[in-house]
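Please open the model in your viewer and keep the selection tool handy. We will go from stop to stop, picking residues and looking at what surrounds them.

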Amino acid sequence: KMTETYIQFWKDNLTKSRKLDLYKSFKMDYHEELYLKAIKNNERRTTFTKFRISNHSLAIEAGRYGNVKVPAENRICVYCEKRDIETEKHMIFKCTKYKDLRSDFLTKIKTKINLNIEDENNFLTSLMITENYDLINIFSTYISNCFQLCNANQN
């Protein structure tokens, strides 16, 4: 009964959350995630966890905090000329800053999975919930490399 009560509490809080948009798009059930076992590198696992729960430095989240809150529509990517809001999806699929990393990632992933990359929502959801250790590691490495490149320019 306690477990059921907690799971309902978790679902209610997730639904009410004003953030966690990415997380809510793929996290449907309360259970331990396979990526926690699949990713052996602690730093990469931490980065991937932070990415999944939107605890990162992308403008969509960074703009929520600080002395002056930036409206979501003004949290623009400063790394590329697209003038898009810097969201997780922008980083993964569109930002020109990561195009070389993205190309390498897509080359590696195409040998493992047959998904329509143009359908960004389904592609991303499939990667977030996959049970394939190889895919988990390829994707988490891509995410980690993107943040390393981003953080290198901030220092």
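Start by selecting Arg83, which counts as exposed because its relative accessibility is 60%; here exposed means over 50% relative accessible area, buried under 20% and partly exposed in between, with a 1.4 Å probe and protein chains only. Arg83 sits in the loop between H5 and H6, where helices (H or I, at least four residues) are DSSP runs numbered from the N terminus. Its phi is positive, about 60°, although Arg83 is not a glycine.

A word on what you are viewing: this is a predicted model, in which local features need pLDDT of at least 70 and side-chain atom pairs count only at pLDDT 80 or more, while totals for chains, interfaces and linings use all residues. Residues are numbered from 1 along each chain as its sequence is written, and side-chain values use heavy atoms, with hydrogens and water left out.

Next, jump to Ser54, in the loop between H4 and helix H5 (59–62). Ser54 also has a positive phi, near 60°. Is Ser54 buried or exposed? With 2% relative accessibility, Ser54 counts as buried. For context, most residues other than glycine have a negative phi.

Now for the charged pairs. A salt bridge here is a side-chain nitrogen of Lys or Arg within 4 Å of a carboxyl oxygen of Asp or Glu, and the count comes to five. Select Glu33 and Arg52, whose side chains meet at 3.5 Å, N to O. This pair links distant parts of the chain, with Glu33 in the loop between H2 and H3 and Arg52 in helix H4, 19 residues apart. Glu33 counts as buried at 13% relative accessibility, and Arg52 is buried at 2%.

Move on to Lys108 and Asp104, a salt bridge with its closest N and O atoms 3.3 Å apart. Both lie in helix H7, four residues apart, about one turn of the helix.

Finish in the largest nonpolar core, which has 36 residues. Such a core is a set of buried Ala, Val, Leu, Ile, Met, Phe, Trp, Tyr and Cys residues joined through side-chain atoms within 4.5 Å. Phe51, Phe105, Phe139 and Ile143 have the most contacts inside it. H9 gives the most to this core, with nine residues. Centre on Phe105: leaving aside residues up to four places away in sequence, Phe105 touches Phe123, Leu127, Ile138, Phe139 and Tyr142, contact meaning heavy atoms within 4.5 Å.

Terms used
Helices (H or I, at least four residues) and strands (E, at least two) are DSSP runs, numbered from the N terminus.
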